[in-house]
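Me: I'd like to learn how to read helix faces, sheets and salt bridges in a model. Could you walk me through this one?

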Amino acid sequence: MTNKLGAIRWLHLSDFHQGAESQGQSWLWPTVKSSFLADLADMHKKVGSIDLVLFTGDLTQSADPQQFREFTQTLDEIFKHLRSLGSDPVLLVVPGNHDLVWPKLNPAVRLLLEWTKQPQVQDEFWSSADNEYLGTVNNAFSNYKNWLKEWNQKQGASASIQLNDGGLIAGDFGVTIERNGIRLYVAGLNSAFLQLDRGYFLERLEVHPKQLQAVCKPDWEK
């Protein structure tokens, strides 16, 4: 995004699948890392400093705490390299369908898996911030939430960043970025919250306007 005041530049990454040993992930990153970091250096020369790193889902393969710890190490390498180039980016991230732990089948989970056939469940799900269905979903993302909290504590807060709490779904966020004379609002929404089991979820996932409303409402009311 650019204007006469300056620019906000971002790097978009996704689908690292940390821990996907069956897919050769343990050797893939070390093999491509040097080329990737070299590409970042070339990009930096062309476009300038990077303000945001947007990571949009599937940080890990199965949301295991060890996989999140290994992903932190990977991010540390990337951010260290970006800072050596003169950038000081902020990480904005949303979880993917590999970043939750599938809950045990129980009546609530079974009904959520039949989401499109259960309008009453949908109504109850969105009716409040405290109900059994919403709690089931958010608990499935507990490891992700713990990782993000640790990452933010490790990085420290920036005076130019204001993260709005109050998102309905774990992983939803709204954040105001102020860089280079520009004020930018970014909303991130979790679109994988219904994938609570194995299977093909084409046309079975969704994002809801209430997710966006929840993370943007504080700014809309100003």
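Reply: Let's take the features one at a time, starting with the ground rules. This is a predicted model, where local features need pLDDT of at least 70, side-chain atom pairs count only at pLDDT 80 or more, and totals for chains, interfaces and linings use all residues. Residues are numbered from 1 along each chain as its sequence is written, and side-chain values use heavy atoms, with hydrogens and water left out.

Me: What span does helix 6 have from its first C-alpha to its last?

Reply: Helices here are DSSP runs of H or I with at least four residues, strands are runs of E with at least two, and both are numbered from the N terminus. The expected span is 1.5 Å times one less than the number of residues. Helix 6, residues 142-155, has 14 residues and reaches 20 Å, close to the 20 Å expected.

Me: Which residues of helix 6 are buried?

Reply: Buried means under 20% relative accessible area, exposed means over 50%, and partly exposed is in between (1.4 Å probe, protein chains only). In helix 6, the buried ones are Tyr144, Trp147 and Trp151. Down the axis of helix 6 they fall within an arc of 65 degrees, so they line one face of the helix; the arc is taken from the directions from the helix axis to the C-beta atoms. On the other side of helix 6, you'll find Lys149, Glu150 and Gln153 exposed.

Me: What do the buried residues of helix 6 pack against?

Reply: Contact means heavy atoms within 4.5 Å. The buried residues of helix 6 pack against helix 2 (65-84) and strand 5 (90-94).

Me: Which residues of helix 4 are buried?

Reply: Helix 4 (residues 119-127) buries Val121, Gln122, Phe125 and Trp126. Viewed down the axis of helix 4, these fall within an arc of 120 degrees, so they line one face of the helix. Gln120, Asp123 and Ser127 are exposed on the other side of helix 4.

Me: How about sheets: what is the strand order in the open sheet of 3 strands?

Reply: Strands of a sheet pair through backbone hydrogen bonds, either parallel or antiparallel. Two strands count as paired if DSSP finds at least two bridges between them. The open sheet of 3 strands here has the order 3-4-5, with parallel pairing. Strand 3 (10-13) and strand 5 stand at the edges with a single partner strand each, so one side of each is left without a neighbour in the sheet. Strand 3 is joined to strand 4 (residues 52-56) by 4 bridges, and Trp10 has Leu52 as its bridge partner in strand 4.

Me: And how many salt bridges are there?

Reply: Side chains of opposite charge can pair when their charged atoms come close. The rule is a side-chain nitrogen of Lys or Arg within 4 Å of a carboxyl oxygen of Asp or Glu. The count comes to 6 salt bridges. One of them joins Arg179 and Asp51, with the closest N and O atoms 3.4 Å apart. That pair links distant parts of the chain, 128 residues apart: Arg179 is in strand 7 (residues 173-179), and Asp51 is in the loop between helix 1 (25-47) and strand 4.

Me: Are Arg179 and Asp51 buried or exposed?

Reply: Arg179 is buried at a relative accessible area of 15%, and Asp51 is buried at 4%.

Me: Which residue forms a salt bridge with Lys154?

Reply: Lys154 meets Asp76, at 2.4 Å from N to O. Lys154 lies in helix 6 and Asp76 in helix 2, so the pair ties together parts that are 78 residues apart in sequence. Lys154 is partly exposed at 47% relative accessibility, and Asp76 is partly exposed at 26%.
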